[in-house]
Amino acid sequence: MSRRSRGQQDEESRIRFRPNPRGNRPRTKDRPSHADAVLAQVVTVDRGRYGCLLGGFESSGDDLVITAMKARELGGKTSVIVGDRVGLVGDVSGAEGSLARIVRVEPRTSVLRRSADDTDRIERTIVANADQLAVVTALADPEPRPRMVDRCLVAAYDAGLDPLLVLTKADLADPAGFTSGYAALEVPWLVTQRSPDGIVGLDAVRERLAGRVTVLVGHSGVGKSTLFNALVPGASRAIGRVNDVTGRGRHTSTSAVALRLPDGGWVVDTPGVRSFGLGHVDPSRLLHAFPELEAGTDDCPRGCSHDEAECGLDAWVAEGHAGPSGAARLESLRRLMRARLGETDY
Ligand SMILES: Nc1nc2c(ncn2[C@@H]2O[C@H](COP(=O)(O)OP(=O)(O)OP(=O)(O)O)[C@@H](O)[C@H]2O)c(=O)[nH]1
Ligand SMILES: [Zn+2]
């Protein structure tokens with residue numbers, strides 16, 4: 001029996017056994033297999049409209065971004081986020097006013113998530129298929145917030161992204177004060193600063209980002225936009241254009257935007273993400289973001305919460321195994337654990 005006639009028979013049996021209460025038309029119509037769907041990757045998301053780059057991040061040449069909506073058959077539960085690889089059908093010309101349909105979301109290699117707050121288990125997905133999370137922190141003005149950094153590191157490890165610290169405004173403060181706190185952690189860090197000729201230190205940043213998909217996060221005023229514009233010439237114009245289309249205006253966008261780096265690779269700006277609620281992270285997994293402490297739990301009693309008198313970590317830190325900032329990092333871990341359990345505000 002050919003596939004087609006079997007399909008027809010299925011259709012008939014469905015009609016027979018599931019009568020349609022609303023009329024004579026069959027409820028199920030022949031679903032196309034979408035073997036002809038074209039691959040694209042989501043670069044912008046705004047209110048049900050997805051900007052999809054034809055061919056995906058690996059494509060080269062002229063970037064054609066097609067506006068698409070989710071096909072009904074995708075179902076309401078399937079989320080589509082920046083970085084998703086999708087299959088498109090319909091009008092994929094990219095012509096003004098055209099609208100394609102997303103019929104498929106490919107399995108993700110990574111998902112960056114956050115929760116609204118630490119006791120909220122409902123997670124929000126932010127970016128798919130990224131490799132790296134760059135946490136942008138100013139060395140001064142505003143003062144660095146190590147606990148915010150720790151929180152971002154937890155989100156990075158949880159998502160399977162490599163963390164990177166980008167420390168800006170080194171012209172205002174010596175980086176040593178901050179970096180000594182992270183020396184034992186082995187998180188790579190890079191420093192940038194302003195000079196009369198522009199931002200210094202960008203080449204090392206470019207090198208770290210080349211060929212990778214990197215999400216940039218950082219709170220207001222740290223110099224993230226300055227960095228973004230220096231890395232991607234015309235970035236603010238590109239982001240502005242997205243917002244012009246959506247009518248939101250340049251500085252009010254809250255959804256992520258992916259932009260191609262001139263040297264290869266992609267950066268994703270996350271304007272709406274100022275912090276990471278960790279309600280979706282199992283408390284027992286918080287420790288993974290503190291690798292210099294993790295090894296010190298061998299002497300803990302069984303089932304240790306790591307926030308109790310018998311915990312082996314205090315001795316581990318006191319003996320200097322976690323470096324000069326061990327005590328501060330242990331305190332940070334414990335605050336995160338308590339916040340996660342809803343015991344304190346972080
Ligand atoms: N001294 C100094 N100032 C900088 C440096 N980088 C950025 N700035 C300044 O810091 C301020 C904030 O920079 P932005 O790039 O707008 O920071 P942002 O993180 O994007 O902040 P939001 O726009 O609020 O999200 C601006 O006045 C920049 O000119 C730097 O390396 N050194
Ligand atoms: Zn312990």
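Predicted model: local features only at pLDDT ≥ 70, side-chain atom pairs only at ≥ 80, totals over all residues.
Colleague: Happy to. Why is His306 called buried?

Modeller: His306 has 22 other C-beta atoms within 10 Å. The cut-off for buried is 20 or more, so His306, with its 22, is buried.

Colleague: And what makes Cys311 partly exposed?

Modeller: Cys311 has 19 C-beta neighbours inside 10 Å. Buried needs 20 or more and exposed needs 12 or fewer, so with 19 Cys311 counts as partly exposed.

Colleague: Where does His306 lie, and what does His306 touch?

Modeller: His306 lies in the loop between α8 and α9, and Cys311 has its place in the loop between α8 and α9 too. Leaving aside residues up to four places away in sequence, His306 touches Leu287, Thr297, Cys300, Cys311, Leu313 and Met337. On that basis Cys311 touches Cys300, Cys304 and His306.

Colleague: What does UniProt say about Cys300, Cys304, His306 and Cys311?

Modeller: The UniProt record, an unreviewed entry, places the feature "binding site" at those positions.

Colleague: Met337 was among the contacts of His306. Which residues of α10 are buried?

Modeller: Met337 is one of them, along with Gly326, Arg329, Leu330, Ser332, Leu333, Leu336, Ala339 and Arg340. The buried residues of α10 pack against α2 (146–159), α7 (283–286), α8 (291–294) and α9 (313–318).

Colleague: How do you know that the reach of α10 is close to the expected one?

Modeller: Helix α10 (residues 326–340) has 15 residues and spans 21 Å from its first C-alpha to its last. The expected span is 1.5 Å times one less than the number of residues, which gives 21 Å for α10, so the two values are close. Just after α10, Gly342 has a positive phi of about 80°.

Colleague: How is the protein divided into domains?

Modeller: There are domain 1 (38–105), domain 2 (133–269) and domain 3 (283–340). The contact between domain 2 and domain 3 takes 13 residues from domain 2 and 15 residues from domain 3. On the domain 2 side, seven are nonpolar, two polar and four charged.

Colleague: Finally, which residues come nearest to ligand 1?

Modeller: Of the 16 residues around ligand 1, those are Arg194, Gly223, Lys224, Ser225 and Thr226. By class, the shell has three nonpolar, nine polar and four charged residues. Helix α5 gives the largest share, three residues.

Definitions and conventions. Residues numbered from 1 in each chain as written. Chains lettered and ligands numbered in written order. Domains from an automatic or database assignment. Contact = placed C-beta atoms within 7 Å. Nonpolar A, V, L, I, M, F, W, Y, C, P; charged D, E, K, R; others polar. Near = placed C-beta within 6 Å. Helix = DSSP H or I, 4+ residues; strand = E, 2+ residues; numbered from the N terminus. UniProt positions renumbered as here; feature names shortened; annotations may be inferred.
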